Amino acid sequence: MSELPGPAGTINASADDLITGPLFETKCERISETEMLLNMGPQHPSTHGVLRVVLKLDGEVITDAVPDVGYLHRGVEKLAENRTFSQFNILTDRNDYLCAMLNNWAYCGAVENLLKTSVPERAQYIRVIVGELNRVASHLVYIGTFGIDIGAFTPFLYAFGREREIIMDLFEQLCGARLTYNFIRIGGVMSDLPEGWIDKAQKFVGHMRHCLKEYDDLLSYNPIFLDRTKGIGVLTKDKAINCGITGPNLRASGAALDLRKQDPLYSKFDFEMAVRESGDCWDRYMVRRDEIEQSLRIIEQALNTLPSGDVMAKIPKINLRPPAGESYYQLEGARGWLGVYLVSNGDVKPYRLHIRAPSFINVSLLQELLKGWKIADVVSILGSIDIVLGEVDR
Amino acid sequence: MPKGPWEVMGPAVPSQTDENIRGRYVNSFKVLAALVIPLLLLTVLVGEDPYQIFLTVFSFCLGVFVWVIDLGVKIANAGVGLLGWRFPAWLSGAHIGGLVHHVVLFLLPFVLILMVVQLLPAVIVWMELKAAAHMQVRLGPMRVGRWHGWAQPFADGIKLFLKEDLVPAKANKWTHFLAPVIVLAPAYICYAPIPFGKTAVVDLDIGLLFVLAVSGLAVVGMLMAGWGSNNKYTVLGGLRAAAQVVSYEIPRVISVLPIVMWAGTMSLSGIMTAQEGLYAGFLPKWFIFYPVVGQISFVIYLITTVAETNRTPFDLAEAEAELVSGFHTEYAGIKFSIFFIAEYAYVFLGCALGALLFLGGGAPLPFMGWIPSYVWFFGKTFFLVFLFIWFRWTFPRIRVDRLMEFCWKFLLPWSLVNIAIAGLLML
């Protein structure tokens, strides 16, 4: 096998190389007679997309694991260089498709930083409302799919098929799309809230609070669920910080760090940071469950104090040319810090764009986390760190 | 207000209103009533012994048949009599009718069992589809067969029959081929000694032992399927299935021993007869009402049966999330459907045995003896089947090492203690 290009330590090889080639041998020592290599993915029901994990098994115990990403690579960051600033907005939806609003927001924030425009207050509030609604929707998918990974099918249909559907309906009314919204635009939002939308959103908040209790009864405190998740896949606080883990996964390990707490926009709202101590699968689950509660509080307050005014700043609709320079904007995404680094040379197109995708950094944890656990735990650990392959591979 | 897409699309209909949900609950009760009430009326009209009705109808038809044959032979004899010939004496209505009578009555139980094992899975699948759907705020199949999708399992069955039978290139052909047969065959055999109501097809003296022993054979087929498919996931699934079924067999057998001690027989109809009658004039003598021992036995039996039939929360062998449905990953079409039928056949078998051993089988509740015994039997069995479905759609899956711990460290000791308590109480 020839030496493959790429920086040291990255997994950048063909499928054969991973199993028999030098790369796999350096990742895990040669396979002994009592061990077995198991190829989990890229087509596997619980890898949440096209992730491939090569597992080395001793019976059912994992002695080594190598995650292999890149099956969904579309070159989004390169595509940005061939699109105008406002055209690229629709591609950000496709990165983390479970919280597309926050992706829009992160990108638009970076462009607005370059333009040095300020967003109207009403638009900021609408961004908070839809962003938090989308965070709730994303965590609902997490709760549902985590349930499926553990083997409970019903919570998925409650979280995904019932509650998230209401959010999708709300977004559909808002912008006509149910998954990839392109609602948050450079300088504001696409349009104002339609009539009666606020009432519906408020009704949803009440409904969702009731439903959280239902999830607790059905899943969160189920003894089998606790048995499957408590103490499994422990991520210590130091390790999480060293690996650059952010978001709910970090807060589950006991580090109280939430970008929203440092954001002046969010300082207008009263909410708590969801933090848990031990960093196991159950804590990662519960942090998200608590975050739904806090997001609902933010949504409620934002709906009640929504100011009036414009929803779009005065910026050119076409031929938008930000001044040459660079900007970085990051916000608390549903999976961690979602950052967009943008370089402009004064043209209508970005010169270079990079997305700091939290899922990509989370997936790098797998090799460390999976060792020593059983096959069944692979699924719960993989499910609990919550990756979206669209964002991992970009 | 600026123009937006909502003006084009109109207001979105909220998918879940309270009225909708309430309407669905009311609807499911209506469906249940529409199913149960006519069936109940029919069975009450038919009475305790449908076999007698069958015999009456059958002997009437046979009489007509015999008369027609005799007439034919007479006419034919009159015809050939002109030539001086005559048909042999055995060609008479009485002889042929007698032969048909014997053949039909001999084959009837076999045909019945075959039909039961083929059709019950379809019924249970439909029940599972609907029950799961209503637990998950869905409606389930609503179109096939018009009335609440009753024909969905048959449509699925036809689809599976028509699919291509794929065998992996490197599979062990014979093992792969025989595995579904070996899984399904014991299911057929096990139905023989089960009394559906008051009569069993074969009333074995060791019926209980026979059913428990033969149903344990299915694990061989699972192992074969796991090994023969030449796939790592199926091997893991097969090994898990073997370990699980062999382990849970032990507490399962031990948990039913108190019943044998109490009834003094291993014959299933004997155990059922022992449970007829009432304690103190109101409490049925079902074994589940036997103080302490009955309840412990029942719980252990229920748990181990769920594990034996590889259903959630013990469906490790076919864990979809981890093992991509385990030992039958590499099966398609008819072979897959045989595994499917076998699973539901074993579910029904386990539930039927549970109903017989703990819920009195065909024994009625007090003052409700006017409902025939087979209705009681099927009612109790389907209640247990519903419990299985309920478990499946409520619980997550347990982990493999915890499964073994649960069996050896919890169920087995308690089932042994249970026998000791039973011995003390029955002294």
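How many residue pairs are in polar contact across the interface of domain 1 of chain A and domain 2 of chain A? The answer is in point 3.

1. Basis. This is a predicted model, in which local features need pLDDT of at least 70, side-chain atom pairs count only at pLDDT 80 or more, and totals for chains, interfaces and linings use all residues. Residues are numbered from 1 along each chain as its sequence is written, chains are lettered from A and ligands numbered from 1 in the order in which they are written, and side-chain values use heavy atoms, with hydrogens and water left out.

2. Domains of chain A. Chain A is split into domain 1 (15-68) and domain 2 (76-393); such bounds come from an automatic or database domain assignment. The two centres, taken over C-alpha atoms, lie 30 Å apart. Domain 1 of chain A puts 20 residues into the contact and domain 2 of chain A puts in 17, where contact means heavy atoms within 4.5 Å. Together the two domains bury about 1,600 Å², with 68% of it on carbon and sulfur atoms. Buried area is the accessible area (1.4 Å probe) that two parts lose on being put together, summed over both.

3. Polar links in chain A. Three residue pairs, both residues at pLDDT 80 or more, are in polar contact between domain 1 of chain A and domain 2 of chain A. A polar contact is a pair of N or O atoms within 3.5 Å; within protein, one must be able to donate a hydrogen and the other to accept it, and residues adjacent in sequence count only if both atoms are side-chain atoms. On the domain 1 side, β3(A) gives the most, with seven residues. That side has 12 nonpolar, five polar and three charged residues. Here Ala, Val, Leu, Ile, Met, Phe, Trp, Tyr, Cys and Pro count as nonpolar, Asp, Glu, Lys and Arg as charged, and the others, Gly among them, as polar. Strands (E, at least two residues) and helices (H or I, at least four) are DSSP runs, numbered from the N terminus.

4. Domains of chain B. The assignment for chain B gives domain 1 (21-114) and domain 2 (163-426). In chain B, 10 residues of domain 1 are in contact with 11 residues of domain 2. The area buried between these domains of chain B is about 890 Å², and carbon and sulfur atoms give 75% of it. B:V44, B:E48 and B:I113 supply 54% of the area that domain 1 of chain B buries against domain 2 of chain B, more than any other three residues. Between these two domains of chain B there are zero salt bridges, a salt bridge being a side-chain nitrogen of Lys or Arg within 4 Å of a carboxyl oxygen of Asp or Glu.

5. Between the chains. Contact joins 34 residues of chain B to 50 residues of chain A. The two chains bury about 3,500 Å² between them, 63% of it from carbon and sulfur atoms. Three salt bridges are counted between chain B and chain A. In the one formed by B:R399 and A:D377, the closest N and O atoms are 3.1 Å apart.

6. Confidence. Chain B has an average pLDDT of 82, and 94% of its residues score at least 70; pLDDT is the predictor's confidence in each residue, from 0 to 100. Over residues 1-15 of chain B, pLDDT stays under 50. Where pLDDT is low, the predicted coordinates should not be read in detail.
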